[in-house]
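Reader: Before I rely on any label given to this model, I would like each one set against its definition. Could you take me through them?

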Amino acid sequence: MTGSSFKDELVYVSALNEFVYCPRRYYYQRYYDEIGEPYELVDGRSKHKHASRRGSWVTERYFRSDDLGMHGKIDLVDTETGTPTPVERKRSESGSYYSSDEVQLAGYCMLLEDAIDESVNVGYIYLYSTDTRHSVRITQDHREAVREILRRIRSMSVDSIPPLTQNQSKCEACSARTYCMPGETAVLSPSEAEGTGWEGTTPGDLI
């Protein structure tokens, strides 16, 4: 994208997850082209592809909503209970899912609601690592979180880099670290690290 903002552009639902995980990482994903792909993303794609060959129960469906300002592909729409229910599949080495995954699932529920014109208040997160499917009830708090994150994403500009993350461990295998340079930023511009997990970083910490 060549413009300084993308407030009029539809936002991928997967971007909600990325933004919640780390707004700064999402910034570099959004504005820089060549950032590489982490193993988890590549491996997750291969698992999706493998799963789609198991049988007719897997159906990837694309949805978009100009009213919501979102679009995306739902891994699986489960209609076994009569009400279409989105299923989001995650690799998750930890064997658990996170609040960012719930926000992404909520976004898919909202997209599905817009498409079928009926409430979708439950979604599922399937974890490959444990072969388990977890039911998640989508609340009003989830929906408000989606709308707030959409607002924050649309307000982003290339001239305003989000602050460093509070959790340094997120940076260890981050695909955007080459651009973000959290340690170097904290050393060369300590004010940018104030109040973050990188505050107090010294040159010796980078060795």
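Reader: Which residues is T196 in contact with, leaving aside its neighbours within four places in sequence?

Author: With those neighbours set aside, T196 is in contact with L164, T165 and Q166, where contact means heavy atoms within 4.5 Å. This is a predicted model, in which local features need pLDDT of at least 70, side-chain atom pairs count only at pLDDT 80 or more, and totals for chains, interfaces and linings use all residues. Residues are numbered from 1 along each chain as its sequence is written, and side-chain values use heavy atoms, with hydrogens and water left out.

Reader: Why does T196 count as buried?

Author: Its relative accessibility is 11%, and buried means under 20% relative accessible area, with exposed over 50% and partly exposed in between (1.4 Å probe, protein chains only), so T196 counts as buried.

Reader: What makes β3 largely enclosed by the rest of the structure?

Author: Of the 5 residues of β3, 4 are buried, and therefore the strand is largely enclosed by the rest of the structure; a strand here is a DSSP run (E, at least two residues), numbered from the N terminus.

Reader: How do you know that β2 and β3 pair?

Author: Two strands pair if DSSP finds at least two bridges between them, and β2 (residues 61–65) and β3 have 5 bridges in the antiparallel sense, with Y62 opposite K73. Strand β1 (residues 11–12) runs parallel to β3 and is joined to it by 2 bridges, with Y12 opposite H71.
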